[in-house]
Structure formats: structure tokens, C-alpha cells
Amino acid sequence: EFAGVGVHVFTFDFSSHGRSPGTLGFDNARTDRLAYQALAARQHFSAVSGLRGDQIILLGHSLGARTALQTALLDPQGSAGLVLIGAQVNLVTNLQAEVFTGTSDDSLPWVQALGPRTPPVNLILLSGVWDDVLTPTAARLLLEKLSGVQGASEGSAYGKFEDNSYRAWRQFPSLFHNYEIFSPRVLAEV
């Protein structure tokens, strides 16, 4: 979709995903390993494409969105923005998500570091009303943490902070977590 309209696109597999070698364990979400892999991939893309960090948007779904958010915290060059689809970051107990992560997200230092200006990039959170990994309650709490606005609501943009960044959340009716990345409605919003 994006390459078809002239956008440079770079995708990669995390270790032990797709065709990449390595090991896959249930600690992937509680360690920094995937974020460092994504950072290395972003730096490689920047070198190959000639694009600066502020010309690159990180996009991910589920664990990929979680990793994109963490990568933005580690990236010294920064990015133009983040598109987080069904981001697997839960600030409330979610047994389905925690079985894959093996951790409670609110105890992780990088999650605790999130805030209205951290990371200092434009950010949009996209999720389905029926998402059972990033539930609507969890999405609202994540946006509140990222925007500093209590009672954050879907469809609203928050921010225009000093660094000119903003945060927004768009929720899609009748959409489950596993189908978000394939939804024409979500892709049109992206």
C-alpha cells in the first residue's frame, strides 16, 4: 500500500521470526532485545535510503508497535513519528497479553519513562473496539500516560507540546486485535 504511493518502505523480521535465525522465547517483550534489533534495522534503513531519522516513521502492530515505542526511546537520531497499531503495552492486568510477555508492563523502566514528551515524536495509537490484547481501557490509559491528559478519549489529539509533538488515539468499531493490521479502515487512517 505504502510503496504503491511512493513511500520508502523497509520491513524486517525480529530474530526467530519469519525467516530470521535465532531463538524465540517468552521473554522478548520484557527484554530490550527487540528494541535494539529494530533500532539497528532503522539505522541500516537510514544509511541505505539516505533518509534522516526525522524523515522516518516507525510503524508496528502488537509486539511490533510495542517495540517501535521502546525503540523511539533508545534512538539518538529520533524519528518523525510513531504509528502504533494495537500496541501491546498494558498498564492494567491483561492475562492474555501477559502470557506472551511474561511481565507486568508497568514495572518496566522503559514503560515508566513514557510521558507527554517521551518519546518526543508525533504518535498515533490505533486499535479496535474488540481488541483483547490492547483493550479499550488499556489504550485509554496508555494515551493518558503519553499525553498527560486524564480522561483521554478516542478520536482526540492531545499535545502540540513545546517540541511540537502530539498524541492521538483512533479506535475502530467491530475490530479484533489480530485483524487490525489487515483492516482497510486502519490502513486508510495510517
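## The model and its overall layout

What you see is a predicted model, in which local features need pLDDT of at least 70 and side-chain atom pairs count only at pLDDT 80 or more, while totals for chains, interfaces and linings use all residues. Residues are numbered from 1 along each chain as its sequence is written, and side-chain values use heavy atoms, with hydrogens and water left out.

The chain holds six helices and five strands, where helices (H or I, at least four residues) and strands (E, at least two) are DSSP runs numbered from the N terminus. Read from the N terminus, the order of elements is α-β-α-β-α-α-β-α-β-β-α. Of the 190 residues in the chain, 44% are buried; buried means under 20% relative accessible area, exposed over 50%, and partly exposed in between (1.4 Å probe, protein chains only).

## An enclosed strand

Strand β1 (residues 57-61) pairs with β2 in the parallel sense over five bridges; two strands pair if DSSP finds at least two bridges between them. Within this pairing, histidine 61 stands opposite isoleucine 85 in β2.

## Salt bridges

Side chains of opposite charge can pair when their charged atoms come close. The whole structure has five salt bridges, each being a side-chain nitrogen of Lys or Arg within 4 Å of a carboxyl oxygen of Asp or Glu. One of them joins aspartate 75 to arginine 42, with the closest N and O atoms 2.7 Å apart. This pair links distant parts of the chain, with aspartate 75 in the loop between α2 and β2 and arginine 42 in helix α1, 33 residues apart. Aspartate 75 is buried at 8% relative accessibility, and arginine 42 is buried at 3%.

Arginine 66 and aspartate 105 also meet in a salt bridge (2.9 Å, N to O). Arginine 66 lies in helix α2 and aspartate 105 in the loop between α3 (95-101) and α4, so the pair ties together parts that are 39 residues apart in sequence. Arginine 66 is buried at 1% relative accessibility, and aspartate 105 is buried at 4%. A further bridge, glutamate 144 to arginine 140, has its closest N and O atoms 3.0 Å apart. These two are four residues apart in helix α5, so about one helical turn separates glutamate 144 from arginine 140. Glutamate 144 is buried at 8% relative accessibility, whereas arginine 140 is partly exposed at 28%.

## Aromatic contacts

There are three aromatic pairs in the structure. Rings of Phe, Tyr and Trp (its six-membered ring) pair if their centres lie within 6.5 Å; planes under 30 degrees apart count as stacked, over 60 as edge-to-face and the rest as tilted. Phenylalanine 12 and phenylalanine 14 make an edge-to-face pair, 5.3 Å centre to centre with 85 degrees between the planes. Phenylalanine 12 is partly exposed at 35% relative accessibility, while phenylalanine 14 is buried at 13%.

Tryptophan 130 and phenylalanine 176 form a tilted pair, 5.1 Å centre to centre with 50 degrees between the planes. Tryptophan 130 sits in the loop between β3 and α5 and phenylalanine 176 in the loop between β5 (166-172) and α6 (184-189), so the pair ties together parts that are 46 residues apart in sequence. Tryptophan 130 is partly exposed, with a relative accessible area of 43%, and phenylalanine 176 is partly exposed, with a relative accessible area of 43%.

## Backbone notes

Most residues other than glycine have a negative phi, and most peptide bonds are trans. Here, the peptide bond from threonine 118 to proline 119 is cis, with omega near 0 degrees, and proline 119 lies in the loop between α4 (109-112) and β3.

Serine 62, in the loop between β1 and α2 (63-74), has a positive phi near 60 degrees and is buried at 15% relative accessibility. Serine 174, in the loop between β5 and α6, has a positive phi of about 55 degrees and is partly exposed, with a relative accessible area of 46%.
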